[in-house]
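Here are my notes on this one, point by point. Have a look at the model first, then read on.

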Amino acid sequence: MRESETGEWKKQLSECYRSVADFPVDFELSLTEEDYFKKESDRFRISVPKNYFGLAFSDADDPIRRQFMPQAGEHITLSCETDDPLGENSYKVTERLIHRYPDRVLFLASDTCAMYCRHCFRRDYLSTDPPPLTRKEIHRAAEYLRSHLEVKEIIISGGDPLIMDNSKLDELLSIFKESRPDIVFRMASRMPVVLPSRITDSLTDLLSKYKPLFFITQYNHPRELTDKSRQAVSLLVNKGIPVFNQAVLLKSVNDSVDVLAELFQELLRCSVKPYYLFQGDLAAGTSHLRVPITKGLELMKELRSRISGLALPIFAVDLPGGGGKVPLTESYIQEITETAVVFKDRNERIYSYPVES
Ligand SMILES: *Cc1c(COP(=O)(O)O)cnc(C)c1O
């Protein structure tokens, strides 16, 4: 049974739609999608698993469809946009290892994905088609971990690391674990959302060997929480692997209080903790999906008064040029005096808390 499960995700991966020609005959391009394909310039590749494609309604502005279908906006590059919006290149200590914060590193374990999200901030890196991950690169990163004891955590990211098969993944994690038995793993993958069949008993058994391991995924819309997707998440949760969500704030996908409230509340019902909601990064060709940062602040203010603190993620922006992530909150602090901090609550009432107490 386990073997057939494994076969299933690989089959589904091989059957992804990878060009317009692959789409079903009755699938009609919208005008802006058509405009995108008319223009011959650099294009970020397409891949959509059939099951994810099936979640989209035919409306061209459908929130699922906007995540996998390119639009003419991708040909536009604003002057504030760059190919390396997070300034990651300057923090690379090896080709695939990014060390930006003191106690954690990020490893680019794969350069491919089951689905290419149109809002991807590593779209330029992925488009450079880096040569496949080598054992030597894994060992170089492991060596770095061994010689940098201040690093306590490694984020396995990409691309989507779960595009690797289990044996490769096992090897990767075991090399890191061997170099640093005390390391904390964070696995970042969108597979539970876009290809839930990837999450099998054999995968969760494998991941369980490397605890403490935290699983971070990316649901952006409540309709992505299908029965199959929920089952995939339960496989992880039931094996004692904590699951967190990093959503991206996306125009005409989830830029409304109702959609975000439902998304975060439903995630909580699946035992998934909403961790971050990200303001869109300034990646070239993604302006049609970005929401004004001030609107994001408004949405969070309203959400804060409406949903449980457990369901509420941190709204954050990764500062352009390599400043790293900073939380965005409207301030409740009115004034800090020598004797007190003065607050304004949700209902605009004023409160004071003494400094020395
Ligand atoms: C986002 C990120 C992290 C993790 O940041 P947290 O705030 O701990 O989630 C680590 N390294 C890099 C390079 C990142 O982009």
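1. A bit of bookkeeping on terms: two strands pair if DSSP finds at least two bridges between them. Helices (H or I, at least four residues) and strands (E, at least two) are DSSP runs, numbered from the N terminus.

2. Keep in mind that this is a predicted model, where local features need pLDDT of at least 70, side-chain atom pairs count only at pLDDT 80 or more, and totals for chains, interfaces and linings use all residues. Residues are numbered from 1 along each chain as its sequence is written, and side-chain values use heavy atoms, with hydrogens and water left out.

3. Strand 6 is worth a click. Strand 5 (residues 184-188) pairs with strand 6 (residues 213-217) in the parallel sense, over 4 bridges. Phe185 has Leu213 as its bridge partner, and Arg186 stands opposite Phe214. Strand 6 also runs parallel to strand 7 (residues 243-248), joined by 3 bridges, with Thr217 opposite Asn245. Because 4 of its 5 residues are buried, strand 6 is largely enclosed by the rest of the structure. Buried here means under 20% relative accessible area, exposed over 50%, and partly exposed in between (1.4 Å probe, protein chains only).

4. Now follow Ala316 in strand 9. Strand 8 (residues 272-278) and strand 9 (residues 314-319) are parallel, with 3 bridges, and Ala316 is the bridge partner of Phe278. Strand 9 pairs with strand 10 in the antiparallel sense over 4 bridges, and there Ala316 stands opposite Pro327. Strands 9 and 10 form a hairpin with 4 residues between them, and Gly321 in the turn has a positive phi of about 90 degrees.

5. The other sheet is open too, with 3 strands in the order 11-12-13 and antiparallel pairing. Strand 11 (333-336) and strand 13 (350-354) each have a single partner strand, so one side of each is left without a neighbour in the sheet. The twist averages 20 degrees from one strand to the next.

6. What lines the largest pocket? The pocket holds about 1,000 Å³ of space. Of its 50 lining residues, the closest to the centre are Phe121, Arg122, Ser157, Gln218 and Gln246. The lining divides into 28 nonpolar, 11 polar and 11 charged residues. For the record, a pocket is an open set of points on a 1 Å grid over the protein atoms alone, where a 1.4 Å probe fits, with protein on both sides within 12 Å along at least five of seven lines; lining residues have an atom within 4 Å of a point. Volume is the space filled by probe spheres set on the points. Asp, Glu, Lys and Arg count as charged; Ala, Val, Leu, Ile, Met, Phe, Trp, Tyr, Cys and Pro as nonpolar; the others, Gly among them, as polar.

Methods
Axes are lines fitted to C-alpha atoms, for helices over the stretch in contact, and angles run from 0 to 180 degrees between N-to-C directions.
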